[in-house]
Amino acid sequence: MTRRRWILGAVAVWAALLLVLAFVARGRPTVKEQQSPAAARPAVDAAIGTVSRAAGPRAVVAVSGYEQVKRCTMAAARPGVEYARTADVYGAAGLADHIRAGLPAAYKAAVVPDLGGSGTVTVAHPDPFVKLTVRTATDDPGHVVAIADTGCRPTTGHPYPEFVAAPTAAERAPATRLFALLHVTLTTWQRHALGCGAVTVTATGLAADSLAPLPATLDRHPQPGHLLAHNDDRYVYRDGATGLVVTADRDRLTVTTTTTCH
């Protein structure tokens, strides 16, 4: 009888332990396959916000929305999907090193060879399930591309529904002023927001004639704020808390404005 009671007691304890472990696993996912893309969004947004802060006031960060990178296969041959969010950072040469130096130690950032190019790329892990890569754009030392990747996730729970909001009149104002000044007809608006409060608004339009070279065009219309960097196709400057990137491709003008994280 004593032995039987001991066995029954052990089974009861084991069952209780399994229930506790199941509850903990349900509350705190242990693999990314247990988290939807939407559940990954706070970590992805935080990583892009960290890049923005690390870039500092001498650069302008343009934030994209969430984009589906690819379809993938998770454990047990389940279908999955991978999303990523990109921050294009514009400024002076050497920006990638400056950003890497500003990443938190907890990210465990490492410099590795860039398999897709001839330089190096910084790989960091802001979250156990999220990867951040930072690399200088090809043949463009003043342009750094930072990508926060969700990894393969379940196909439910898309991360981006609220990013279709239209920009406010105040958010449109800098681009509207430039379009009017350069006699450009607006064609599209896009707005993307970060959890830290930063908002990127991208406006695209067409001019009657070629706007190139861009510096000569803008020199005839001095802009408020402080010029950070420029080349024949791009002007980067900051006007208070708003960073602006102005690019021209013949008669096509793109104005991107981004406010800083709180």
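**Entry 1. Second largest pocket**

A pocket, on a 1 Å grid over the protein atoms alone, is an open set of points where a 1.4 Å probe fits, with protein on both sides within 12 Å along at least five of seven lines; lining residues have an atom within 4 Å of a point. I worked on a predicted model, in which local features need pLDDT of at least 70 and side-chain atom pairs count only at pLDDT 80 or more, while totals for chains, interfaces and linings use all residues. Residues are numbered from 1 along each chain as its sequence is written, and side-chain values use heavy atoms, with hydrogens and water left out.

I looked up the second largest pocket and noted a volume of about 220 Å³, a volume being the space filled by probe spheres set on grid points joined across faces, edges and corners. The pocket is lined by 13 residues, of which Ala 62, Asp 88, Tyr 90, Thr 202 and Thr 256 are the closest to its centre. At least two lining residues come from each of S1, S2, S7, S8, strand S11 (242-249) and S12. Strands here are DSSP runs (E, at least two residues), numbered from the N terminus.

**Entry 2. The six-stranded sheet**

I traced an open, antiparallel sheet of six strands in the order S1-S2-S6-S5-S4-S3; two strands pair if DSSP finds at least two bridges between them. Its edges are strand S1 (60-73) and strand S3 (110-113), each of which pairs on one side only. From one strand to the next, the twist averages 25 degrees, with axes as lines fitted to C-alpha atoms and angles from 0 to 180 degrees between N-to-C directions.

Within this sheet I followed strand S2 (residues 79-90) and strand S6 (residues 143-153), which are antiparallel and share nine bridges. Glu 82 has Cys 152 of S6 as its bridge partner.

**Entry 3. Disulfides**

How many disulfides are there? I recorded two, taking a disulfide as a pair of cysteine sulfur atoms within 2.5 Å.

Cys 72 and Cys 152 are bonded, with their sulfur atoms 2.1 Å apart. This pair ties strand S1, which holds Cys 72, to strand S6, which holds Cys 152, across 80 residues of chain. The link is right-handed because the torsion about its S-S bond is about 100 degrees. Cys 72 is buried at 15% relative accessibility, where buried means under 20% relative accessible area (1.4 Å probe, protein chains only). Cys 152 is also buried, at 11%.

For Cys 196 and Cys 261 the sulfur atoms lie 2.0 Å apart. Cys 196 is in the loop between strand S7 (184-193) and strand S8 (199-207), and Cys 261 is in the segment after strand S12 (252-259), 65 residues apart. This second link is left-handed, with -45 degrees about the S-S bond. I found Cys 196 buried at 15% and Cys 261 buried at 14%. In sequence order of the bonded cysteines, the pairing is 1-2, 3-4.

I located Thr 257 in strand S12. Is this residue buried or exposed? Thr 257 counts as buried because its relative accessible area is 6%. Leaving aside residues up to four places away in sequence, Thr 257 touches several residues, including Glu 171, Pro 174, Val 199 and Leu 244; contact means heavy atoms within 4.5 Å.

Lastly I examined strand S9 (residues 226-230) and strand S10 (residues 234-239), antiparallel and joined by four bridges. Three residues separate S9 and S10 in this hairpin, and His 226 has Arg 238 of S10 as its bridge partner.

Methods:
Buried < 20%, exposed > 50% of the residue type's maximum accessible area, 1.4 Å probe, protein only.
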